[in-house]
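This report looks at aromatic rings and at one residue's surroundings. Please view the structure first.

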Amino acid sequence: ATSFLFTEYQYVGVFMVAFAVLIFVFLGSVKGFSTSTQQCTYDTTKQCKPALFTAVFSTISFILGAVTSVISGFLGMKIATYANARTTLEARKGVGKAFIVAFRSGAVMGFLLAANGLLVLYITINLFKIYYGDDWEGLFEAITGYGLGGSSMALFGRVGGGIYTKAADVGADLVGKVERNIPEDDPRNPAVIADNVGDNVGDIAGMGSDLFGSYAESSCAALVVASISSFGNTHDFTAMMYPLLISSVGILVCLLTTLVATDFFEVKTVKEIEPALKNQLIISTFLMTLGIALISWIALPYSFTIFNFGVQKEVKNWELFLCVSVGLWAGLIIGFVTEYYTSNAYSPVQDVADSCRTGAATNVIFGLALGYKSVIIPIFAIAISIFVSFSFAAMYGVAVAALGMLSTIATGLAIDAYGPISDNAGGIAEMAGMSHRIRERTDALDAAGNTTAAIGKGFAIGSAALVSLALFGAFVSRAEITTVDVLTPKVFIGLLVGAMLPYWFSAMTMKSVGSAALKMVEEVRRQFNTIPGLMEGTAKPDYATCVKISTDASIKEMIPPGALVMLTPLIVGIFFGVETLSGVLAGSLVSGVQIAISASNTGGAWDNAKKYIEAGASEHARTLGPKGSDPHKAAVIGDTVGDPLKDTSGPSLNILIKLMAVESLVFAPFFATHGGLLFKIF
């Protein structure tokens, strides 16, 4: 796992340096690299620091964001690789002990990430303030680079890791389970090491960077809008830091909440695992609501104004409290809807499992329908929270609603990272030849983990929608557009193209997984056919070749989707201008959210339908047969189709939405002065 991440980071490092140079050149050229002070964009009576220095500081904060993102992902993966063997060993003592180890390791990663993001951001703001002094508008414009850095690394981590893990997973499942009838994670299977490494690289390092990116961007969006509101004009530093205060209260709340799962109420039996994880979400949300009320009362003045597309809108402190709370509770609703559609305790997944009686085709049809249906309630939840928060506090409201959703990020990540850790624990138990009792315990942990991973993805997607809308608002303000009119052809063509981008992106990532899996299947078959004594267990397979296939594929294949996302805003902004770009951003947000939710829930449901049949816990599940029956094989095919959906294209889409928005915001000064070349020519 470490060697893969290092290889990946070498390639990404080169890209990072190149992009940092781009940021500097583009933003520096806004005023022709002059070092004299300029008029402020919003308050023209004041003088602001030169554009050249904003370019320098934007570049620095971009690099800081990227490095923090990489470190978060890497440390998370380190913790996970230590934790999974310990979980397996603890499973000998019983399911409760194993649960505590897996959960605590997830929590370590959650706190590490939340704290890292907050610490670096806070230090950066204070250091930049030494130079900027009273020019807060320039200061927080430079800080937006932090979000861009965090998310661009997350994109490569998510796509690269997703391709890696799913190529191995699909290859191992198709040959091992369907053709050779050997159990999952059997050490005779050549792709098994690559599969287990992939869980750490994709699910843990990728997820970590992804949520860190969301977190950095929503903070940046809120800060940019606040810096041109009364907080920034009166230089009220405490109120200005309100977005960071929300997150810091979140860390304290999550500390309390984690103790509930591990110390106050110990998990003893399998039945208690899922409720314990769900209670984490509920308790943290309740406590957080109180925390936000407290912080809004202490940190904010009673009445203040928020910048709203050219006018200042008056807002009271209780209205902001409601904005944050509505985001927080929308997150909880999305989490529970996701759970309903992906957990095998409820009818949707059981119906999908039942459809396996008639083969893989009906399974696929039912699974797709479930995914599309699961979009309905989350979209309403997001829509309501946008309406409420926007009515109260304009774009600032939307940004803090996103922060509200992410405020319990430490708990969210704990229950999310818990999934891959227990999955790997099962793999280790199987490979070490431990008794089937232990495998049953780790499987029980893993089934709960699948659902919690889906809940984590739901949070990531929901917050991405709010974050990118807030960034979109900040971009529109910064690019000095007063209204975005859908009926102008410039904007409408942008909408159409933007809505198409998530499909193009998904096509790239799905195809990459498919072609890498094809290579993997051929390699695994070759080994089973040519290595004598492999099936009997007397000879060892060649694991290294499979690891190499996954590594090469993911490094090579992560470049085109990454380039698509990073270059689109630049090309559109430079050649078509800010109006078309605002159309593209709106289009990609609207279509990306739908595809992301449906893809990740479809995949999660198929995976759990397969687990439902395998566990045979109910009368209905036992009629569908033991492992190896026809319905089970149909379920495995569904699971395999769903793998790239739920772990590669689904989760990467929310990064696509956010990344394009934050990139447009960072380059907004350049696009506003030099953009729209094609329309200028004609």
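Which residues do ring pairs link into a cluster? The members are Phe15, Phe19, Phe26, Phe62, Phe156, Phe667, Phe670 and Phe671. The model is predicted.

**Aromatic pairs**

The whole structure holds 26 aromatic pairs. One of them joins Phe6 and Phe74 in a tilted arrangement, with centres 5.6 Å apart and 50° between the planes. Phe6 belongs to helix α1 (residues 2–28) and Phe74 to helix α2 (residues 51–90), so this pair ties together parts 68 residues apart in sequence. Another pair is formed by Tyr131 and Tyr132: the centres lie 5.1 Å apart and the planes stand at 80°, so the pair is edge-to-face.

| Residue | Relative accessible area | State |
|---|---|---|
| Phe6 | 48% | partly exposed |
| Phe74 | 18% | buried |
| Tyr131 | 27% | partly exposed |
| Tyr132 | 1% | buried |

Phe74 counts as buried because its 18% falls under the 20% cut-off.

**A charge over a ring**

Lys129 places its charged end over the ring of Phe237. The distance to the ring centre is 3.6 Å.

**Gln527**

Gln527 sits in helix α16 (residues 489–530). Is Gln527 buried or exposed? Its relative accessibility is 0%, so Gln527 counts as buried. Beyond neighbours within four places in sequence, Gln527 contacts Pro190, Leu534, Pro541, Asp542, Thr545 and Cys546. Cys356 is 171 residues from Gln527 along the chain, and their C-alpha atoms are separated by 31 Å.

Technical notes: Residues numbered from 1 in each chain as written. Predicted model: local features only at pLDDT ≥ 70, side-chain atom pairs only at ≥ 80, totals over all residues. Heavy atoms only, no water. Helix = DSSP H or I, 4+ residues; strand = E, 2+ residues; numbered from the N terminus. Buried < 20%, exposed > 50% of the residue type's maximum accessible area, 1.4 Å probe, protein only. Contact = heavy atoms within 4.5 Å. Phe/Tyr/Trp six-rings, centres within 6.5 Å; stacked < 30°, edge-to-face > 60°. Lys NZ or Arg CZ within 6 Å of the ring centre and 35° of its normal.
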